[in-house]
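Hi,

Here is the structure I promised to pass on. Have a look, and my notes follow below.

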Amino acid sequence: MTIQNPSRCSSPRRLIGVLAGLSLLPLVGCDAPESQQARGEDVGTTAPGFEEFAATVFQEPESGAYIVDGDVALESREQLREFYERYVLQGALIVHRVGSADARWDDTQKVNLTYCVSTAFGSRYGTVVQAMADAARAWERAARVDFIHVSSQDSACNASNGNVVFDVNPVNVNGQYLARAFFPNYARSGRNVLIDSSAFSVSPPTTLTGILRHELGHTIGFRHEHTRPESGACFEDNSWRPLTPYDSASVMHYPQCNGTNSWALELTQRDKDGARLLYGTPIRCTQPVTYHNGSQLSAQYDGANCYIKPIPAGASAFVQNNNYYIQSRPGTYCPQGSFDGANCYVMPKPARGFILGNSFYKAYDACSSGGNDGANCYLLSAPAGTQAFEYGGNFYHSRAPSGPACPVAGTWFDGSNCYVMSKPAGGFIYGNNFYKAYDACSSGSNDGANCHLLSAAWGTRAFENAGNFYTTAVPSCQEGSYDGANCYIMRAPAGTSAFISGGAFYYAD
Ligand SMILES: [Zn+2]
């Protein structure tokens with residue numbers, strides 16, 4: 001049994017690496033003769049010598065790792081020789097085998113597959129974080145595995161970081177592969193998911209998330225499905241154990257190796273079944289629901305879906321854009337004023353009262369002369385050396401000791417003092433200044449033009465009726481918060497589907 005000679009099947013040798021090319025040339029895949037592709041067994045006599053074999057293996061310029069089976073990295077030439085001796089000289093959803101044992105994570109490790117995403121991705125960092133999370137989620141939903149992004153390690157995310165199980169790093173191999181991964185039996189230094197720049201410019205249906213779904217399949221032990229003899233192409237070796245019947249549509253099957261899947265690289269039912277056989281039933285419903293007040297609610301797996309909580313008695317619930325709502329009840333609550341059976345009575349409409357922009361106002365004309373000093377209307381100061389006084393309903397100030405007899409423009413000498421003006425209503429003298437009091441905005445606040453009395457509460461409308469000011473009442477919410485139309489309860493986790501069934505709120509995970 002042998003690894004496929006690259007000269008016989010060049011495309012699958014680069015596996016994921018040829019994704020972009022294949023999107024341009026969809027019919028180009030294994031170009032090997034049918035007879036050679038289908039052999040699988042008994043090709044030992046045609047196996048190349050180690051040096052000849054090694055010369056065909058792509059070596060990453062940065063790490064020096066040898067890339068076999070398209071996107072599987074071997075750290076050293078010694079490992080490459082072992083690989084050659086074990087697989088090339090000898091010799092889906094299938095699990096990788098090391099000797100006679102499955103290469104898989106144990107029950108403790110499988111739910112703690114921690115990883116970092118290197119900040120060396122730069123402007124692509126956020127894209128990689130999201131694609132990794134989405135790809136991990138696909139496997140987490142299928143089987144009891146849990147990939148955990150440890151973002152605190154992202155700034156020191158390299159192959160020697162022992163605080164994570166594996167690292168996710170950029171690499172520059174000029175499209176030799178789009179991404180590559182590792183198997184669970186690898187040492188920490190070899191446990192990397194490396195992503196080439198070319199993986200960021202793939203065309204639909206290929207996505208970075210799809211590529212990473214395939215790569216994360218390797219990280220939990222899954223081999224290329226097309227190495228199974230049923231594919232009739234792209235044989236790699238026989239170091240695997242079948243978990244399910246052959247699946248030509250598997251996420252682990254290269255489309256160009258007689259696959260029936262698309263480059264979207266989605267998990268098939270058999271992928272999910274195989275993963276569950278190896279790792280057990282998935283941990284479900286781990287994502288919290290965000291309640292309307294910002295708190296987090298947990299959900300429980302009921303055997304099929306994630307149960308959150310019951311719908312309030314009598315409420316009419318619905319889902320919109322993955323948010324849960326109930327319909328509000330007609331309001332009797334008055335944030336301002338008192339409920340009169342239909343609306344909220346606020347106050348009698350004051351003289352020159354009006355409504356503008358859902359607020360109540362009254363106009364004022366105080367300080368139509370003089371300036372509003374925040375308390376009174378300032379009119380005029382008596383000149384230095386003179387005394388302001390009031391006499392006979394008029395304002396005066398005493399004569400100046402020298403200079404013009406009455407220095408303030410508009411005043412005149414009446415034979416003994418300077419006449420200033422007739423005392424206005426509310427006029428008074430304070431600190432040698434003339435004032436008049438005003439009572440505009442004696443309720444409400446002066447907004448520079450009018451006296452603002454009150455703004456109608458959010459969700460209510462101000463109106464006037466029969467000389468009184470009113471607002472509409474606020475509809476009430478048995479649960480949740482009123483959004484102006486309905487009662488918003490909570491939001492389902494990203495990537496899940498909110499639904500309502502049997503009087504309760506659920507999401508499908
Ligand atoms: Zn692969």
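In which hand of crossing does α6 pass α7? It's a right-handed one, where right-handed means the near helix is turned clockwise from the far one by less than a right angle, and left-handed means anticlockwise. Before going further, bear in mind that this is a predicted model: local features need pLDDT of at least 70, side-chain atom pairs count only at pLDDT 80 or more, and totals for chains, interfaces and linings use all residues. Residues are numbered from 1 along each chain as its sequence is written.

The overall picture: the protein chain has eight helices and 39 strands. Those are DSSP runs numbered from the N terminus, with helices being H or I of at least four residues and strands E of at least two. The protein chain has 509 residues, of which 42% count as buried. Buried here means 20 or more other C-beta atoms within 10 Å of the residue's own, exposed means 12 or fewer, and partly exposed is in between, with C-beta atoms placed from the backbone.

Back to the helix pair. α6 covers residues 125-142 and packs against α7 at an angle of about 50°, the axes being 8 Å apart. The axes are lines fitted to C-alpha atoms over the stretch in contact, and angles run from 0 to 180 degrees between N-to-C directions. α6 and α7 are therefore oblique to each other; under 35 degrees would be roughly parallel, over 145 roughly antiparallel, 65 to 115 roughly perpendicular, and the rest is oblique. The α6 residues that meet α7 include Ala-131, Ala-135 and Trp-139, and the α7 residues they face include Leu-212 and Leu-216.

α7 itself (residues 208-219) has twelve residues and spans 16 Å from first C-alpha to last, close to the 16 Å expected at 1.5 Å a residue (that is, 1.5 Å times one less than the number of residues). Twelve of its twelve residues are buried, so α7 is largely enclosed by the rest of the structure. Just after α7, Gly-221 has a positive phi of about 110°. In the loop between β10 (192-196) and α7 sits Pro-205, and the peptide bond joining Pro-204 and Pro-205 is cis, with omega about 10°.

There's also an open sheet of three strands, ordered β5-β4-β11 with antiparallel pairing; strands pair if DSSP finds at least two bridges between them. β5 (101-102) and β11 (240-242) are at the edges with a single partner strand each, so one side of each has no neighbour in the sheet. β4 (residues 94-98) is joined to β11 by three bridges, and His-96 stands opposite Trp-240.

Most residues other than glycine have a negative phi. Asn-258, in the loop between β11 and α8 (269-279), has a positive phi of about 65° and is partly exposed, with 17 other C-beta atoms within 10 Å. Cys-285 also has a positive phi, about 60°, and lies in the loop between α8 and β12 (289-291); with 22 C-beta neighbours inside 10 Å, Cys-285 counts as buried.

Last, Asn-112, from the loop between β5 and β6 (113-117), counts as exposed with 12 C-beta neighbours inside 10 Å. Asn-112 and Phe-147 are 35 residues apart in sequence but 6.3 Å apart in space, C-alpha to C-alpha.

Cheers

Key. Contact = placed C-beta atoms within 7 Å.
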